[in-house]
Amino acid sequence: MEKKILVTRSSMPGFEEYCEEIRELWDSRWITNNGAKHRLLEQRLKEYLNTPNITLFTNGHLALENVIEAMELPKGGEVITTPFTFASTTHAIVRSGLTPVFCDIKRSDYTIDENLIEGLITDKTCAILPVHVYGNICNVEAIQSIAERHSLRVIYDAAHSFGVTYRGVSTANFGDASMFSFHATKVFHTIEGGAVCCRDEKLAKKLGYIKNFGIDGPESTPYIGGNAKMNEFQAAMGICNLRRLSDEISGRKAVTERYISRLSGGNGIILCHDPPFVNKNYAYFPVAFEPESFGADRNRVFDALAEHNIGARKYFYPLTSAFECYTGQFAPESTPVALDVSRKVLTLPLYADLGMEDADRICDIILSCKSSI
């Protein structure tokens with residue numbers, strides 16, 4: 001059997017390094033509730049992201065739900081967002097008692113099409129929730145301008161964009177708040193985990209209360225909250241992984257460049273454009289296939305890779321607006337570009353220690369699917 005290659009692989013520190021990082025937990029027995037590791041990771045992330053406020057969570061989804069709750073968006077309000085995203089984005093909106101209004105995406109980078117946002121605004125619109133897809137940055141200036149004209153909040157789903165900067169500014173610092181996921185498959189992870197970054201110190205403090213049952217001291221509970229705290233073992237993993245983040249991104253960049261050199265310029269193979277002024281994190285490598293010119297559709301390429309024990313991913317398919325749980329509520333056809341892209345895109349295996357020979361094997365299989373049209 002051929003070597004199995006997964007679509008992603010979690011980065012890990014050395015075993016001894018992690019053991020040393022958690023050693024003191026056996027002495028303190030303080031393993032959750034804002035312990036020393038949590039506080040240290042929080043401070044180091046603030047410095048790395050150059051952001052004034054950061055609140056850590058047990059995962060990115062709860063981080064997103066909590067920031068929506070903390071902003072007190074009106075129940076029944078509408079949130080303009082994209083269906084070309086992971087389930088979490090849409091579910092967080094719906095679970096918060098809000099209605100997602102789906103905006104189409106741009107073919108160039110798969111982010112929300114800022115030119116279509118204003119046409120979707122109604123008297124019920126209370127926020128815009130764009131997604132930095134695959135680490136590709138939304139048009140943050142245009143979105144901010146729209147939000148200010150219409151007095152709307154902006155919450156970025158920045159789950160894919162940790163470590164990305166635009167004009168030297170981290171994606172942590174755009175909009176009213178940005179949510180990061182630190183899931184094990186991300187460029188930077190804490191096994192599970194997430195964070196919200198924001199400029200408003202009052203919002204940050206409120207998030208700290210809401211994620212801890214709404215408690216503000218031993219005899220004070222001013223908010224109705226839940227439990228979304230990051231524990232010390234997660235934080236320790238984050239401390240270790242932050243040390244090696246530069247190497248992780250460099251390794252991913254090398255694989256990305258090999259993919260680009262092998263797959264660019266091919267008829268029917270569509271790669272994302274690199275926008276100016278952006279330092280990338282190389283989180284994902286999406287490839288779209290135009291069957292009319294390539295000679296094979298996305299599903300054929302997916303199957304061919306699977307036949308060789310290589311796991312690519314139809315990411316994102318289906319659109320969240322087409323999920324069974326939302327049957328009859330939304331019309332995927334209302335976002336035709338997103339619908340088309342969802343049927344054509346694959347994300348290829350990408351992680352720092354993916355060998356160049358493996359990247360070449362993946363490209364060889366893809367190119368072998370091409371017919372001589």
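Okay, let's start with the surface: the accessible area of this chain comes to about 16500 Å², and carbon and sulfur atoms make up 51% of that. Before I go on, keep in mind that this is a predicted model.

Now the overall fold. We've got 13 helices and 13 strands in the chain. The radius of gyration is 21 Å, close to the 21 Å that the globule rule gives for 373 residues, so the chain is as compact as a globular protein of that length. If you'd like dimensions, the C-alpha trace spans about 75 × 55 × 40 Å along its principal axes.

And the contacts? Counting those with a separation of 6 or more, 71% are between residues 24 or more positions apart.

Let me finish with one bit of sheet you can find on the screen. It's an open, antiparallel sheet of three strands, and the order is β7-β6-β11. Which strands stand at the edges? Those are β7, at 169-170, and β11, at 278-279; each has a single partner strand, so one side of each is left without a neighbour in the sheet.

Then look at β6, residues 165-166: this strand pairs with β11 over two bridges, in the antiparallel sense.

Conventions: Residues are numbered from 1 along each chain as its sequence is written. This is a predicted model: local features need pLDDT of at least 70, side-chain atom pairs count only at pLDDT 80 or more; totals for chains, interfaces and linings use all residues. Side-chain values use heavy atoms; hydrogens and water are left out. Helices (H or I, at least four residues) and strands (E, at least two) are DSSP runs, numbered from the N terminus. The radius of gyration is taken over C-alpha atoms; the globule rule is 2.2 Å times the number of residues to the power 0.38. Contact means heavy atoms within 4.5 Å. Accessible areas come from the Shrake-Rupley method with a 1.4 Å probe; for residues, only the protein chains shown count as cover. Two strands pair if DSSP finds at least two bridges between them.
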